[in-house]
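Here is a short briefing on one structure. Keep the sequence and the 3D view open while reading.

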Amino acid sequence: MNILDEIVEQRKKDIEKKSVTLGFSIPEKRTRPVSPFIPKGKKGVILEIKRASPSKGDIAPGLDTAVTAKAYAKAGTSAISVLTEEHYFKGNLIDLQKACAAVDEYASLHGTIPPAILRKDFLLSPEEIEIAYRCGADAVLLIARILDTKTMVEMAKKCQDLRITALIELRLEEDLKKLTEVVKNVSTDFIVCGVNARDLRDFSIDLLTPAALMQEIKEIAGNDMRIVFESGIRTPNAADFAGSLGFSAMLLGEAAAKNPDEAGRLVSAFIESKECYNAKEWNIYAKKLQAKKKEGKIRPFVKICGLTNEKDALKAAELGADFLGFIFWEKSPRKVSPTVLAKIANSLKAVGLREKVRLVGVIVETDSRDAEEAFAAVKAGHLDFIQLHGSNCYSSFSQKEIPHYAVVNISTEEDLAKIDEIRKEGEPRILIDAKVGNQVGGTGERIKELLVEKVSQKTKLWLAGGITPENITQIVGKFQPELIDVASGVEAKPGIKNLKKLENLFDNLNSL
């Protein structure tokens, strides 16, 4: 039984023993007007009141609901989520009532509209929505994964009848089918969709999961459907990234609960974010991820790196490479010139392959002439991504609107801390490569398997280092990487590919 199943089973027992009031005193009728929850056409942030979680244990055990709610209102939040699950999150229905009273008091003193209050819980029936409404909630969370279609439609209808909002959390393909039925029966005026970056089965986080589903949700419910990016955001940079992807709102849990005084910075970062080229490319990648998942393919995305000529690049693209890598570093024997890159990009376009493959410029120093040439190539449309490969390359990279991802070279467990630091800043993917002396990539050395396993427990695995046609099936079978990066493993000599090795690599991948 995973943790989500465990929570739901406990809830059923609680309701059977204590009823839907869970043993608390509930008002006979609602006494406050309904505040709008994430109004259409306006970006918003939902800050969360919670004391604990199954994944983190105690987060803010001494949290005062009323004080925190007023702090969030002062920070300018659009809405406040109140956890009312008592066993795993240490909340209750009294917290919900206190939050409602606190924001009403704050709004009265300052002449403003109070933030909307969301009851966040593992609700299972329309009767629980009635309880939330009487306690003052303006919205309730409906987790599609734990509800059958009929029940979810009934619960969404109940929200519409009460004129409050159903925040429907989606993650799986079957969840989208349930949403289709809901929008047939309930006005989207009373529906907001949310996608949790955290998988409630094991509490792993993937910042691209919301982006992957956002596009499908809009196909079902319309382009004006309000969609919330839920969980996984801990810094202003990460909030900015989430906002740039095109979400209507963001839900902040742990980061806000631990430090309510910093909530304003997170709110501002999301609200002020703008769509940019970096977000556009990650949305494209997320869409490809979703398509691969639907098809049930286990073959990873493939990047062939260290290309220096048109022949090798065209061959790699024809065989099915998803990314082609070009080195922009004077000291590398695989360095490519902007002129050659432009010729390759134009040749790919001429044969209809340019839109199917993403071109990556690998830089080592952000303030070098090589880096400037790579940045110019992005602006010219000859590159799609920048790979930040030097030891200090990510920390000195300031042009975050340019599509990019970082590389972390690994040889010991101490190197893994760098991955956590970069992920905290909202970077959705990180490539890991072997660390061999002062060499920068192309070493032909593999990372120790134990370290690869530890990385795969932290994030989706993008793997480089010592990958060859001979070991590719073993690597994919053992680690299920999302992307593999191959350079020296398919070379005749540095910068020149062995076309037979390239063919063997893809033949072995396609046999998976």
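The crossing of helices H6 and H7 is right-handed. The model is predicted.

**Helix packing**
- Helix H6 spans residues 173–185, and helix H7 spans residues 209–221.
- Their axes lie 10 Å apart, at an angle of about 25 degrees.
- Angles under 35 degrees count as roughly parallel, so H6 is roughly parallel to H7.
- On the H6 side, Glu173, Leu176, Leu179, Thr180 and Val183 make the contact.
- On the H7 side, the contact comes from Leu213, Glu216, Ile217, Ile220 and Ala221.

**Aromatic rings**
- The structure holds 13 aromatic pairs.
- One of the pairs joins Tyr405 and Trp462, with ring centres 5.1 Å apart.
- The planes of these two rings stand at 75 degrees, so the Tyr405–Trp462 pair is edge-to-face.
- Tyr405 belongs to strand E15 (residues 404–410), while Trp462 belongs to strand E17 (residues 462–464).
- The pair therefore ties together parts that are 57 residues apart in sequence.
- Are Tyr405 and Trp462 buried or exposed? Both residues are buried.
- Tyr405 and Trp462 also belong to one aromatic cluster, together with Trp282, Tyr285, Phe301, Phe323 and Phe385.

**Charges over rings**
- Phe301, a member of that cluster, has Lys292 over its face, at 4.4 Å from the ring centre.
- Lys43 places its charged end over the ring of Phe270, 4.9 Å from the centre of that ring.

Terms used:
Residues are numbered from 1 along each chain as its sequence is written. This is a predicted model: local features need pLDDT of at least 70, side-chain atom pairs count only at pLDDT 80 or more; totals for chains, interfaces and linings use all residues. Side-chain values use heavy atoms; hydrogens and water are left out. Rings of Phe, Tyr and Trp (its six-membered ring) pair if their centres lie within 6.5 Å; planes under 30 degrees apart count as stacked, over 60 as edge-to-face and the rest as tilted. Helices (H or I, at least four residues) and strands (E, at least two) are DSSP runs, numbered from the N terminus. Buried means under 20% relative accessible area, exposed over 50%, partly exposed in between (1.4 Å probe, protein chains only). A charge sits over a ring if NZ of Lys or CZ of Arg is within 6 Å of the ring centre and within 35 degrees of the ring normal. Axes are lines fitted to C-alpha atoms, for helices over the stretch in contact, and angles run from 0 to 180 degrees between N-to-C directions. Angles under 35 degrees count as roughly parallel, over 145 as roughly antiparallel, 65 to 115 as roughly perpendicular and the rest as oblique. A crossing is left-handed if the near helix is turned anticlockwise from the far one by less than a right angle, and right-handed if clockwise. Contact means heavy atoms within 4.5 Å.
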